[in-house]
Amino acid sequence: MITQQHVDEWLLLVSRWLSSIDKDDQAVCKAFRDALPHLVPLTLFLDSLEAKLTAMENVESILNSYKNIGQLLGRLCALDFLMVSSRVYKRLTKCLLAFCRKDTHSTIERKAREWATKQIRSTLTRKSELTQRRSSNNSVILNKVSEELMMFLQRPCRQWNNNMGCYEPVDTSIGIDERQIAHVCTVALMTAFVPSLHNVLEASISWISRLECNHKDKFFTDLQSLCTSGQVNLEYRTQTVVWLSWLPSLEESLLELVESCIFTQSQSVGVHDRIEESFIAKASAKHPAIFNMVSSVLNNLVTTIEPLQNDKLIAFCQTFHDCIEQPSNNLQLLRPSDSQSIKC
């Protein structure tokens, strides 16, 4: 249930961000950093708001229910670093469309429709420019935020124990509150869209993987969703770090690969190409932990899959095995001698 108080709270927050964007780069960077943890709550708020506005009988009832709704939506449209987010942009546009109704009788309703149309037209004409800014101006800001993040992440993950005569792991989350952890996760997801910041993403993944909190599973789940939907394409090295840090993502990636190969009418060459593009075979050849996980999943599938699909799965396993043993993957150099072969 969206109330006037919710609108007031978001208006206050958005106004604070907006007051910073005309200042120097450091102030813009701070506004961007402050906004990052609020992106998910903002999209949820706009979802609920759009449903509420659309359900209202007419525009006049909207204006009577939410006195300053126009200020909030207009100021959101003015924040470029929010508008480059496709999720925020789509939901904000839907909220504006609630004002563009055919049946506009009163003067105030016609003015509201003209205003909303102007806002939508303005954001549409700026969309290509804003998309470019995602890789230019906003990337500069993201770089600055990432530099600060790297300093935060570069804390020792182990320390020397004189009594034991060896290094022992250090809990890097000691003294760090939930807000800081959420900030690291949010910035890390933003860097996934910028290939040049893969080192920041890798450092973040390594740090997050050592946490024992709900943020860890949520971060990797969100990152996997971005990869599955095609919004983010990770490089081989970064993708391998993800799989080694969170094995459920490897299992999901493998199952998606199997499904795409055995439930289509592709020829063997097509299956081979898909396996190569997935990086899973290459990673299996070079990392025993990944190899053993993949072997276990495929062996379990063979014993549980329907007989009609069994032949396809066995053919897939053979092609996968051939990909692993390609000379370019250096399997004989890197696979331990006691590793189990993938047999179906």
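Mentor: A residue is called buried under 20% relative accessible area, exposed over 50% and partly exposed in between (1.4 Å probe, protein chains only). This is a predicted model, in which local features need pLDDT of at least 70 and side-chain atom pairs count only at pLDDT 80 or more, while totals for chains, interfaces and linings use all residues. Residues are numbered from 1 along each chain as its sequence is written, and side-chain values use heavy atoms, with hydrogens and water left out.

With a salt bridge taken as a side-chain nitrogen of Lys or Arg within 4 Å of a carboxyl oxygen of Asp or Glu, the count is three. Helices here are DSSP runs (H or I, at least four residues), numbered from the N terminus.

One of the bridges pairs lysine 218 with aspartate 222, with 2.9 Å between the closest N and O atoms. Both residues belong to helix H12 (residues 214-228) and are four residues apart, about one turn of the helix. Lysine 218 is partly exposed at 43% relative accessible area, and aspartate 222 is partly exposed at 25%.

Arginine 91 and aspartate 47 form another, at 3.1 Å from N to O. Arginine 91 is in helix H7 (residues 86-97) and aspartate 47 in helix H3 (residues 39-55), so this pair ties together parts 44 residues apart in sequence. Arginine 91 is partly exposed at 23%, as is aspartate 47 at 33%.

Arginine 237 bridges to glutamate 202, the closest N and O atoms lying 3.0 Å apart. This pair links distant parts of the chain, helix H13 (residues 236-245) for arginine 237 and helix H11 (residues 198-209) for glutamate 202, 35 residues apart. Arginine 237 is exposed at 54%, whereas glutamate 202 is buried at 9%.

Key: Helix = DSSP H or I, 4+ residues; strand = E, 2+ residues; numbered from the N terminus.
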